[in-house]
Every structure is written in structure tokens, then in C-alpha cells.
Amino acid sequence: MSNRPSIARRTLATPLILSLLLIAFALVAVAAGSKPFNQTMIDIFLRVTLVVGLYVFVGNSGVISFGHIGFTCLGAYAAAWLTMPPMMKQTLLPGLPEWLIAVQLPYWAAAVLAALWAALWAAVFGKILMRLSGIAASIATFAMLAMINTVYSNWENVTGATSSVVGIPIVRTIWPYLIVAIVAVFIAWGHAISRAGLKLRAARDEPTAASASGIDLPRERLIAFVVSGGVMGLGGALFSHSIGVVTPDTFYLGLTFTTLSMLVVGGMGSLSGAVIGVLVLSTLIQVLRWLEAGVSIGTSTLALPNGVQEIALGIVMIVILAFRPSGLMGNTELNWRRAKTADPGASGQPE
Amino acid sequence: MLSDVTIRYGRLTAVRNVSLSLAEGEILFVTGPNGAGKSSLLRAIAGVTPPAGGRVDFADHDVTGRAPEDIARLGLSMVPEGREVFGSLTTEENLLVGTGMHAKERNWRARVASALEEVYETFPVLKERRHGQAGLLSGGQQQMLVIGRALMTNPRLVAIDEPSLGLAPNVIDLVYERLIALRAQRALTLLIVEQSSTRAMMAGGRMILMRGGEVLLDGDARAMGQSEAMQAAYFGYGEQA
Amino acid sequence: MTAILQTVFDALSLGSLYALGALGIALIFGVMRLVNFAHGDVIAFSIFALLWPSTDVVAAVVAGNLPWFLLIPFVLAMGAGLSVLAEIVVFRRFRNASPATMMIASFALGFVIRYFLLMLFSSRPKSISLLPALSQPVEVLGARIPLLQLITILTTIAILFGLTAFLKRSRFGLEMRAAAENFTMARVLGVRANRVIMGAFALSGALAAAIALILGSQTGTADIQMGTNVMLMAFIATVIGGLGSLPGAVIAGFLLGAASVAMQVSLSIDARPFRDAFVYGAVILVLIFRPQGLLAGRGTKERV
Amino acid sequence: MKNWSKLTTALVVAAVTGAPAWAADDDRIVVGFATAESGFMQAYDKPAQDAAMIRIGEINAAGGLLGKQIEVVNADTKTDRAEGAKAGLSVIDAGADLVVVSCDYDFGSPAALTAESSGLVSFFLCAESIKAGIQGVGPHSFSASVLAAVQGATMAQWSYEKKEARSYYRLLDTWTEYNKGICDGFDWMLPQLADATLVGEDTFKNEDASIAAQITRIKSLPEEPDAIMLCTMMPGAVSAIKQIRAAGINSMILNGSAVDGSYWLSAVPDLSNFYVPVQGSIYGDDPNGDVTAFNAKYVEATGGDPSTQYVYPGYVLIDVWAKAVERAGTTDADAVVAELEKMVDEPTLFGPRTFNSEIHHQNKARYLIVETNAGTPAVVDEWTISEPIPVDALMK
């Protein structure tokens, strides 16, 4: 722990490999040159951002959070407030403060502010919630999500309540999404090797020893909560630009479970797992969709009935978890050398 | 009974290639310092922690990797460390938990009733508190309860982890007195884990000494008490192989 | 006065639903530390079992036309059956997995059940006339309340007494309570793990089916999402009640129902849509002050 | 890792080479449906889409549009917003001249926005929010249905004029914009009705397991209101209606079109005093015989009766779009929009339609009133609100 630069050097490979992987996916999309496929790739990068954001807290603390999509909601609406044309805000969201109605920022600046806004709220909620542990903490985070959802679903003149907020500039090129996903990976890595991240993981693995050695658990958790809240907010901001509409119910149970599932299937305790979980499940979804749309074999077309995709996805998830209860990556990280088990120190991940 | 058993927790090896056998009606003390692998051994026999290698036989069955409830049905009663009473159940309910496994046998009800009477006779204090919550019993009473509970099913082998832990000396005496008496009455085989060998030497019988997951000594308890090797093994003088 | 009485009945009947749901979740959590997110889908399945698979708009009622004394056992059996099947096919493989893994597996299973129903029945809610005799108002102490509300409350109380008696008096109940408190120790004493767990799943499934019956008769609708809301509230009730504590789950279920109704009655019209935010805020407060729940389950060690 | 990339590449190549290269071919007229073929919305999109297909079939049988046969491409939105955007892009890639999107504004708008940014005309199958059009998508977007607010306003005025209702209770399910839209229209109309009073109001959530508390509030009124304006939709509507009647409240219940249909009536046996506005009758008693003829055609095409009036807007949308294309002589978006905006009370099978540069939706429309009596629904009246609802009131 004392020798941080060396930890950074030893573990730098992980975010680098993951970034290269993401770039490879992006290049495939470019090569394909199909608009729908481009949009699919944007979706994948968004999910990578969200799941990596979730990993920062859930992976390092071991506490399951059902609340993080709330921060995505906060980020998405903040981005909407900052980028919509003032005219539209005046009519659709008249309850916003004057200065906010007047302002119109480019999407990247709005995304940064949205991330900070989400992080701010993560700090507020975290201050209250982080003294809880285990399942009580999980439920409390869910209660937080439900509160955010209820407020955003009903605050007519500030969030437009359940109606879609429109007028958000749409960004259809993949690069900003790729960059944000890579930034998220590096933020997660930076947090994981920071003093706070190392302490938090130590406490996750050895709770008794950690409290004996004076680790201030609520504080370390709060740091992770705020960082991950910020990343989720960033993902939310980009999400709003990917389709140009936001509604509160987009950011509720469905997305919560999708992201959690991807994290757990990938490996809850591993950054590589977070990314791999998204890539594997997303690819699987894509293949199943392709099969659903129909595949021509010779003269006959073979198509799965609609709805089989979701059922198959659920079954595959159960099978993966049955055979790899701690996810595809377990607790390990990708590294240049595949011999992670032979060299436990290589990733800086205490086992 | 045990042959070549190895137990691992993750990367930690708790018991290394231990072989051990017990005769019917025998009393065996397993002693050794903290972390010697004594409790792990017991857990392996009871099926709680399946061994990573080797084989466990009990009552003429290969029980390696079998479920604890199956092994219990063959006649093993284990009392794990830490007096695991069911705190929210009453004393009597605690005693009755395990009796269901013989429910299909004839005269089951009568036999449960007489077993209950026997336990109450042995530990009269339990009878007084029979309808009280087990979680509210004192440490000594809880120890009596778990031992009594282990005897309810008429087992062939009773394996007890640290019966004297945390008990007042006079209570320990009482517990041992009962155990020895029961063994004589019922031709019970006893396997008792104790950190201290003093008790074993006082009670007599066979004793093995474990350290670092291996059996160092095996022999008559009283005889071993006098040996130099014992002292050395216990306190870690001399290099370990 | 009658308004107050009516409100009390409202709170009790809503609380009954949550309490039954919480019991179903707590039972399974007790024996295998599984937070069963498929519970809501078991509720939906139990009611759809009354219909013949068809994506037509009009529900093809088959088993739903049975007389009540056959219909009720049929639905209960469906819930219990699916639940036990889920245990055998899925959850048995997760006995040693971490709570997070089990939770996600249960969610994935729920997902499969939901989309299976969707494929068979389409997403349009089906209208059913379930136990129509119950949709009449009755007079109680001057208040005219729906008969179903009364039956819901009475049934819940009956189920609670029945379950308590079963757990206290029967051998199986004893084994289940012991297993809920210390699963390994119970096994060491010869309690059959599979039997107890399957029993818990069967009971939990039957409770889910009971909720389905109540919801079905109350709403006249079979909807794929119908169990979700009850399940979430039940899940919260289980935690506030103290995980592993069955009485705690029941009490917390009734408290949540009461809180929800009290807010609906007392909030101003502008604040009323925000009702749930207040309810969830109260949940957070309870957790902050009693992280172990109102009645902490003895011997329940935190594992998450 | 490498394998996944390879797999994905393979997939993409297959998808690209497999897709017909229509995009640049201007000789064809293509209607793209970016609608839900699976998931929750499927049950709402499919019937309207079937009706649209019937109209396309009729046009093609009569020689096509501008002398060309209309072709159809589909993409599944999976009832998911992000998938909706992809579906929109897919049909545009396949050369769609008209993009037809999901019935609901929230689920349809991502696809409609992709059409808008590609400069194409988009039509919502049956969305009833003011946003499904210029206000929420852009100048090339339309909806074929009638605003929810018109339904609320229609019920208020009709019940006042024809049923002498004076005291009203407003019960709003805050779940969707559609629900709020009905109540907004009701709110706009009520003050215009002399001596009509709102005696109380309350909200609930569609998913609420029980609305007992809300019912208790109604029951504690000094006397039962003449009418309850129930702004909700399925599945919660059935539950609410059932609970209201089970509590012994017999006031007339006014609704939006979303509760049309007899498929759910078995849940509330012998329901009476219950009123729904519809664009056309599925019960075989429409004053316009052609509607009944259409219903027969629908049965022939799909094997089942129309289940609700939401089948009809799908037919209307192809009808009005095709007329505009015919008049413009091209499928070019701006020309078609210009022709659509010239329509004033354009007759269609399901009532007249008006579009202008301010609103691409109906803020006034003729409605049939369906009364359910002793469990049997039947058309009893017809009503058109006295004046259109102003856009300001719709945008509030």
C-alpha cells in the first residue's frame, strides 16, 4: 500500500487492455457502417459506463446497491436542463430557475456538470446511508432510488413528471460514448488503486481485521459512493443524448437489474468483470436478436419466436452463474500475462 | 475411520493427510494448539466441510462428501464449537430438532419421550427451563443442552468440540462426569476435542495431539502427559517437519 | 367515525397483502439466505395458471371456472408447484453461492417466467372474474366495506395463525424454524436440508398464490406485472422487520400498509403523488435507527 | 476477447450484406414500421398496425400510390426506448418514406426523432399526447389519433348537457401522460359549465394493489357525486372500477378511450352507468355502416374482432398520409407535410381530421359515446366539443 506508483505501474495493464477492447468494438462499428449497428454500439458503451460506475461502489465495498440508477436519472435530467433550447424549457419545464432556463451548454460541458450534480447528491445520500451495511444498506439504496423516481415522476414543472422530456440534442457518433466509457474505466481503476479504494477492498475481504486496524468504513464507502455516483451521472448525461428523450421510468428497476446482472455475471469484484459482463451479455443479446429477426439458411429462413431472446438471456445468465458463481472473471483482472493466479500481486487486487 | 484426509479452506490447508481410526466404545481426545486443525477434522467427519482429499468411513459406509444429515442418520452426533443452540427455540424444542429423522421407526414417540426423560434426568436444570427460550440459558446450561441434544437420537458416536470452553471449572467437571457415565451406560464412542490436554489426562483414554494440520502423537492420554515430546510438540520447541 | 373505521380497514387490507408477501420472502430467506426476486413473478404465474395460453384479448378462462373449493387449492398448488420447481431446477445449484449471485439468479429466473408468460398470453392484461361473489359491500359497525376487504383481512389472520401453529406444533415446522436459525447445525442434527428448503419454497409459493387470489379478485385482472409492486413492498417489509424474523416481517408488512394509507389520507392533493417518496423516506429512517430491523432475527448473521 | 470481436464482425457483415440495398432507390414507396413486435407495447401496436396494413392493402389493390405499390419494412422496438431509436434507424436505412412509430408517445418518440433528424415524415400509430407531433418531435411528425384531453373534455360536456351531471369527482392515476391528459381536458372544460362543481379530487397509482383509501375519501363526501371522472388506463382501470363498484358507489363513471372494449367486462359483472368515448364502434352498431364493414375486413385479415377502438387510428394514418402524397405528387417530406397541413375536417372512416402548422393532432373531434349497461356496451350518443381545446391549455 505504501508504494503507490509501483501499484499503478503493475496494474496499468488492466485499464489499457479494457480500453483497447472497447476501441476494437468501436472499430468494428465503424467498419460495419450501419446506422442501427452504430446505435447498438453506443448502447454498449453506455452500459459499460454505467456498469463500471456501479462497480466502483458495489465491487469495492461488496454492498449491493439498487440505487445507483437514481444517479443516472439525476445526470440525465441535469444534461437535459443544460442542453435544451431555452424556448422549450420555458414551455415544458417552467418551474426551472430563470438562469437555468436561459443557459444552453454544449453537450460535453453539460455532461461534466451533470456528473458533478449526481456526485453531489451521492454525497448527500451517502452521508446518511453509508453507516449501514449489508442488506439494510441495499434496501436503503433502493428506497433512495424509489424516492428519486417518485420525485422525478411527479414534479410537473421541473422534470415534466412522467412525460418525456424532449429537445435534448442527439449525438449519434460513437466517439464521445467510447471516450466516456474509457474515462469511466480509468476513473474506476484510479479509485481502486487509491488509498481509499485499497482500504475499502481490504474491509470488504476482512471486515473484522479492517475495523481493528482503524479503517473508517463509512468514510471509505462514502468516497466510493460519490465517485461511482459521478460516473453514473456521466453515463446518464450521455444516455439522454443517445436517444434525445428522457423519462423517469427509463431509470428505474429495469435498468437497475440490467446493470447489476451484467456486473454480477462479469464478476462483481473485478473491473475487468464489469466490462466483460457488459460485452458478453450485450453480444449475446445482439446474437439472439439477430436470430429472432431470422437467419437465412439456404432457401429457408430460420427465426426464433419473439420473446425467446429474453427467455434465453435469463437462462444463459442462470447457467453462467451456476457454473461461475463469482462471475466470468471472478476476482481477477485482465493483464498482459494471463498467469494472474501464479502472481497474486500482479493486479493489486487483494484476494 | 479417516484415511489420508486433507482439508482446505481456499488456499489454506487446515488438515494435511491425516489418518485415524476409532474403535467402538473408545474415548478419543484430540488436542493441540489453536489452528492445529482439530475442529476442521471434526467438521470433515460430520460432513460439514467435505475434505479436499482422502476418505472418511463411518459405520461401515464411505461417507466422504456425504451430506451432514445423511451422516447424522448413520449415528453420528456432533456438537460443534461455540455451543450452537437455536436461541429462538425453547429448550425442549432444541432437544427435539433432531428426533424427526427416526420418525418412521416403530415406537418412535415413546422412544423420544424416554430419551427426553433421560436427558432431563442427566441435566435436571434443563427440565426446569424446558419451556424457556434456549437463547436465555447460561453458558453452562447451553453446553448441557447441546450435549443433551446430541444424545437424543441414540447415536453411536458423539463428537464434541471443546466442551469445556468458557465454562466454570465445576461445570466442566459435571459435564465430563456425565459424559463418562453415559459412555459406560450406552457403549457410546466419544470423540472429544480439547485445546488443553489436562482434561484428557485426567479422564484417561486415548489421545492424539495435532499441530499444523498433522497428527504428531497418538497414544494413551495419561502416558503421554509425562512425555517430553508432548511438551515440545505443544509449545513448538523443535522444528516441524 | 365510520370514515376512521373505514381507513383502518383500508390499512389492514393493504397491510395484509404486504404481510403475506413479506412472509413468503422471509421464509425462503430464512432457510437459504436467498432474497427471492422471482416471488412477484410466481404471484403472476399463479393467476395466469387459471387461463388457457392464448394471445387473444379475451381471456380464455379454463381452470378459473372451477367452483371455489377446487379453484383455491388449484391456485395454491400452482404457486407452490412453480416455487418448488424453481428450487429444484435453479436454486439448488446456488446453495453455496453468495447472496448477490443468488439474488441475480432469482432475478434472472423471474425474468424468464415473466417473458414466458408474455409469450403465452401477450402483454395485454387479461380480465377475469374471480370469485365474483366477493365484490359486494357489507356493513360492519356502520361502515360499508367491500366484502373482499374483510375476507382479505380475515384470511390473512387465518393464514398467520395457521402458519404459526404449523411452525410451532408440527415436527416439520420445528425443523424449519431450527434450519432458519442455523442451517448447518440443523443438518448436523439430521434435519434433511432439501426437504426443509423445498418445504419453505412450497409454503412461500402458496403464499404467493394466496396474494394472487386476493389481487385477482380485487382487481379483476391478470397482469404480468401484478406481483412486482407487492414484492418490492414485501421485500422492504422483510428487511425492516428484521431479516430472518417471521413475526417481524408480518408486523413490518402491516406497518407499511398503514403508513401508505395514512399518507394517502393525510397528505394534501399536491403532495399526494409524492406519497411513495414519504413512505420510502420513512423506510430509510427506520433503517438508520434500527439497521437490524424492528425485530432482529436471532442468529441471523449479516453475510452481504 | 478476440473471438467476440470476430463474432461481432461476422454478425455485422451478415447483417449488412443481408439487408437489401433499397436506400438510394427512389422508385419505391416504402412505409417503415418501427413498432413493438414484442414486450408490453406489442399488444397496443399490433392491432393498429394490422389496420394500417389493411389500408395499405386496399391502396395497393386499387393500383398503388402514385402508380407504385407500397412496400413495407418492419423493425422491432422491443418496447424499449433505446431499441426504438435503433428500430427507427433500421427502417430509415431500409429506405422508408414514412416512419410509423409506436402507439405511445414515450415509446414512439425515439424512433420519431430519428425520422425527424433524417427529414422524414413520422406518424404515431395512436399516441394521444400533444407532444406526439410538432411540440415533442418536430415539424414532420403527426399522430393519427385524437388528444386525450379531448376525451376528458368530451365526457365532461356530454355528461353535463345530456345527463344533467352537476357534481363531479376527479380521480387521476398519475402513471402516464395519457391519464393526465384526460384530466387536463376535463379541467379545461369544467369551468365552462355553469353550476357544475368539483366536489373532490384524488390521485392513485396504476400499480397500487388497492385504492381503498381513495374510495374511502369518496365515500366520506356528504353525498355521492353525480359523476366520477376516472383518468386512468389498463391494467389499473379495471381494478379501480371494480373497487369503486364493490364499495357500493354507483355514480356514473366517465372515462377516456383507453378502457374501451368488452374483453375486460367479465371482471366487473353487470357494470352499469359507465361511459367511454370512442372514434368508432367495435360493437357492430356504428352509425356509419362502413365501420362495420371494416370490422369484418379486420376479422378476415387477423382472425379476430377489433378488441378496442385503438385499431382505427392505424387505418386513418395511412389514409391521410396517402391522400397527402397523392395530392403532393411525391413522397418528399416537406411537400407531404404541406398537404397534410391543408386538411380541414378531411373525412375519414373514423371522423374528420384537421391538421395545421400549429398542431398535428386533433384538439376537437367527433366522438361516439358508448354506454355500458348491465355489462353490455352500446353506442348511445355522439358528441363533438363546442370549441377546440387551445394549444396553451394543452401545453400546460
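Start with chain A: its secondary structure comes to 16 helices and 2 strands. The model you are looking at is predicted.

**Stop 1: chain A as a whole**

Select chain A and turn it around. The radius of gyration of chain A is 21 Å, close to the 20 Å that the globule rule gives for 351 residues, so chain A is as compact as a globular protein of that length. Its C-alpha trace spans about 60 × 60 × 35 Å along the principal axes. Of the 351 residues in chain A, 59% are buried. Now think about contacts between residues with a separation of 6 or more in chain A. Residues 24 or more positions apart account for 79% of those contacts.

**Stop 2: which chains touch**

Show all the chains. Which of the 4 pairs of chains that touch has the most contacts? The pair is chains C and D. Next, look for pairs that do not meet. Chains A and B have no contact, and their closest C-alpha atoms lie 10 Å apart. Chains B and D have no contact either. Their closest C-alpha atoms lie 28 Å apart.

**Stop 3: chain D against chain A**

Select chains D and A. Here 32 residues of chain D are in contact with 32 residues of chain A. On the side of chain D, look for helix 1 (2–18), helix 3 (81–93) and helix 4 (105–117), which each give two or more residues. Helix 1 of chain D gives the largest share of that side, with 9 residues. Colour the side of chain D that touches chain A by class: 15 residues are nonpolar, 10 are polar and 7 are charged.

**Stop 4: chain D against chain C**

Now 33 residues of chain D are in contact with 39 residues of chain C. Four elements of chain D each supply at least two residues to this side: helix 2 (42–61), strand 7 (197–204), helix 8 (212–219) and helix 9 (236–246). By class, this side of chain D has 15 nonpolar, 14 polar and 4 charged residues.

Stay with helix 8 of chain D. How many of its 8 residues are buried? The count is 7, so select D:A212, D:A213, D:Q214, D:I215, D:T216, D:R217 and D:I218 to see them. The cover comes from two chains. From chain C, it includes helix 1 (2–32), helix 5 (147–169) and helix 10 (246–266). From chain D, it includes strand 6 (167–173), strand 7 and helix 9.

**Stop 5: two domains in chain D**

Colour domain 1 of chain D at 2–146 + 292–341, and domain 2 at 148–278 + 366–395. The C-alpha centres of these two domains lie 32 Å apart. Their contact takes 9 residues from domain 1 and 12 residues from domain 2. On the side of domain 1 that touches domain 2, 3 residues are nonpolar, 5 are polar and 1 is charged.

**Stop 6: two loops of chain D**

Zoom in on the loop between strand 8 (227–231) and helix 9 of chain D, where you will find D:P235. The peptide bond from D:M234 to D:P235 is cis, with omega near 0°.

Then move to D:E164, in the loop between helix 6 (148–163) and strand 6 of chain D. D:E164 is not a glycine, yet its phi is positive, at about 50°. Is D:E164 buried or exposed? It counts as exposed, because it has 8 C-beta neighbours inside 10 Å and the cut-off for exposed is 12 or fewer.

**Stop 7: a hairpin and a loop in chain B**

Select strand 9 (residues 206–211) and strand 10 (residues 214–220) of chain B. These strands run antiparallel and are joined by 6 bridges. B:R211 stands opposite B:E214 in strand 10. The hairpin has 2 residues between the strands, and B:G212 takes a positive phi near 55°.

Next, find B:N107 in the loop between helix 3 and helix 4 (108–122) of chain B. B:N107 also has a positive phi, of about 55°, although it is not a glycine. B:N107 counts as exposed, because it has 10 C-beta neighbours inside 10 Å.

**Last stop: confidence in chain B**

Colour chain B by pLDDT. The mean is 81, and 88% of the residues reach 70 or more. Confidence is highest in helix 3 (residues 91–96), at a mean of 92, and lowest in helix 10 (residues 228–235), at 62. Finish at residues 237–241 of chain B, where the pLDDT is below 50. Beyond near neighbours in sequence, this stretch has 3 contacts in the model.

Definitions and conventions:
Residues are numbered from 1 along each chain as its sequence is written. Chains are lettered from A and ligands numbered from 1 in the order in which they are written. This is a predicted model: local features need pLDDT of at least 70, side-chain atom pairs count only at pLDDT 80 or more; totals for chains, interfaces and linings use all residues. pLDDT is the predictor's confidence in each residue, from 0 to 100. Two residues are in contact if their C-beta atoms, placed from the backbone, lie within 7 Å. Ala, Val, Leu, Ile, Met, Phe, Trp, Tyr, Cys and Pro count as nonpolar, Asp, Glu, Lys and Arg as charged, and the others, Gly among them, as polar. Two strands pair if DSSP finds at least two bridges between them. Domain bounds come from an automatic or database domain assignment. A residue is buried if 20 or more other C-beta atoms lie within 10 Å of its own, exposed if 12 or fewer, and partly exposed in between; C-beta atoms are placed from the backbone. The radius of gyration is taken over C-alpha atoms; the globule rule is 2.2 Å times the number of residues to the power 0.38.
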